[in-house]
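Please read them with the coordinates open.

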Amino acid sequence: MTAPDRLSPGDPAPEFTLGTDTGDQLSLSDLRGRKVVLYAYPAAMTPGCTKQACDFRDSLASLQAAGYEVIGISPDKPEKLAKFRERDAITFPLVSDPDRAVLIAYGAYGEKQLYGKTVTGVIRSTFVIDADGKIERALYNVKATGHVAKLRRDLGLD
C-alpha cells in the first residue's frame, strides 16, 4: 500500500453511514447544515487515543457552542467503542469503520511511520467539514496530546 490520497480544503467530504458506539447508524448527510469535526484515531482504549478523546470530550461544550459537532472514527467494532465511551465518559458519537473504507476515502489509512518502521494503519487525522459538506481543514499526522488545544486556537475558539 502506498501513501493515501489526501483531502484538501474545498474538497467534498466523503459521505458515510456507519455503526456507532450506541448501536445506531450515523450518516454525515444527517449533519448537513452543521459544522463537523471528524477525527480519525487508531484504536480505542489505548493511551494516546484515550488522551485525544478525553481532550475532545472536555472541549465539547465550547466546540458545540461554536456550532461544531464532534465525531470520532476508528476501525474498532461498535462493542469496543461502547466500552470506550462508558469507561471514559465520551459524550460524542464514535463510529466504527471496520473495513476502513471511510478512513481510506479520507486519506486517513495507509503507510505511516511508527517507531522508525513503515507500517500500514490509521493515520491520526482531523477533518473540519463545513455546513455544506466541504472540507474546511484536513490535518494529517496530528499528535494525540495537545492537538485539540491547537485546533481550538486555529478555529478561533481560544
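Predicted model: local features only at pLDDT ≥ 70, side-chain atom pairs only at ≥ 80, totals over all residues.

The points below take up the sheet, the cysteines and the pocket in turn.

1. An open sheet is formed by seven strands, which follow one another in the order S2-S1-S5-S4-S3-S8-S9 with mixed pairing. Strand S2 (25-27) and strand S9 (135-140) are the edge strands, and because each has a single partner strand, one side of each is left without a neighbour in the sheet. From one strand to the next, the twist averages 30 degrees.

2. The structure contains zero disulfides. Cysteine 49 takes part in none, as the nearest cysteine sulfur, that of cysteine 54, is 11 Å away, whereas a disulfide would need the two sulfur atoms within 2.5 Å. Cysteine 49 counts as buried because its relative accessibility is 1%, and cysteine 54 is buried as well, with a relative accessible area of 13%; the cut-off for buried is under 20%.

3. The largest pocket holds about 350 Å³ of space. Its lining is made up of 14 residues, and those nearest the centre are Lys112, Gln113, Leu114, Arg124 and Asn141. Strand S6 (residues 109-114) contributes the most to this lining, with four residues. Sorted by class, the lining of the largest pocket comprises seven nonpolar, five charged and two polar residues.

Note on methods:
Residues numbered from 1 in each chain as written. Heavy atoms only, no water. Buried < 20%, exposed > 50% of the residue type's maximum accessible area, 1.4 Å probe, protein only. 1 Å grid on protein atoms, 1.4 Å probe; cavity = no way out; pocket = protein on both sides within 12 Å on 5 of 7 lines; lining within 4 Å. Points joined across faces, edges and corners; volume = space filled by probe spheres on them. Helix = DSSP H or I, 4+ residues; strand = E, 2+ residues; numbered from the N terminus. Nonpolar A, V, L, I, M, F, W, Y, C, P; charged D, E, K, R; others polar. Pairing = 2+ DSSP bridges. Axes fitted to C-alpha atoms, helices over the stretch in contact; angles between N-to-C directions.
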